[in-house]
Amino acid sequence: MSDTIDNRRGEPIARTDVRARVSVQAPGVILIRELPESTGAIYGAMVERARELGEEFGNYATVVDLAEATVRPDRDMMDILMRTTKSMGCHWAIVEAKSMMMRVVLQFVGGRLGVMPHVSFHASLEEAVAAASEAVEQAGGATRSQSVSEGGEL
């Protein structure tokens with residue numbers, strides 16, 4: 001496995017930097033902060049890290065913050081997105097992108113994801129984290145009571 005992952009422009013990004021964009025926001029709530037110029041490989045590395053952090057809690061939800069997203073999902077990213085939203089955690093809370101173009105893309109992608117009852121869309125990160133926390137509680141709560149520390153490490 002390479003120490004770097006190329007973004008859409010072919011620029012290498014350190015795998016550790018990609019994984020560092022995934023953190024624990026609250027017990028059982030995992031945040032993925034999308035990168036500009038992202039690819040399926042980048043998103044896959046972030047999802048892998050989210051799963052590692054989430055499984056420590058038993059029940060967990062994932063928040064995906066699209067504030068920095070700049071490009072529509074490529075085929076690999078869509079495949080990972082469709083597969084993981086069905087199999088990972090009890091809820092996915094998506095924070096809408098800030099740019100108009102990305103909001104249009106999200107409407108298209110959201111149309112495919114919106115049929116899943118455990119996916120919700122939010123205007124702010126705070127709203128998404130609150131929805132994810134509520135979903136974790138409804139699923140029985142995070143089964144491990146570990147403290148949240150800086151950088152998402154438990």
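This passage describes the fold of a single protein chain, taken from a predicted model.

The protein chain contains 5 helices and 7 strands. Read from the N terminus, the elements follow the order β-β-α-β-β-α-β-α-β-α-β-α. The protein chain has 154 residues, of which 47% count as buried. Its accessible surface amounts to about 7,800 Å², and carbon and sulfur atoms contribute 51% of that area. Among contacts in the protein chain with a separation of 6 or more, 76% are made by residues 24 or more positions apart.

Strands of a sheet pair through backbone hydrogen bonds, in either a parallel or an antiparallel manner. In the protein chain, an open sheet is formed by 5 strands, arranged in the order 3-4-5-6-7 with mixed pairing. Strand 3 (22-26) and strand 7 (119-122) lie at the edges, each pairing on one side only. On average, neighbouring strands of this sheet are turned by 25° against each other, with direction ignored.

Within the sheet, strand 5 (residues 61-65) pairs with strand 6 (residues 91-95) in the parallel sense, and 5 bridges join the two. One of the residues involved is Asp65, whose bridge partner in strand 6 is Val95. Helix 2 (residues 40-55) packs on the sheet, where it touches strand 3, strand 4 (29-33), strand 5 and strand 6. The direction of helix 2 makes an angle of about 165° with that of strand 4.

Definitions and conventions
Residues numbered from 1 in each chain as written. Predicted model: local features only at pLDDT ≥ 70, side-chain atom pairs only at ≥ 80, totals over all residues. Heavy atoms only, no water. Helix = DSSP H or I, 4+ residues; strand = E, 2+ residues; numbered from the N terminus. Buried < 20%, exposed > 50% of the residue type's maximum accessible area, 1.4 Å probe, protein only. Contact = heavy atoms within 4.5 Å. Areas by Shrake-Rupley, 256 points an atom, 1.4 Å probe, with all protein chains shown as cover. Pairing = 2+ DSSP bridges. Axes fitted to C-alpha atoms, helices over the stretch in contact; angles between N-to-C directions.
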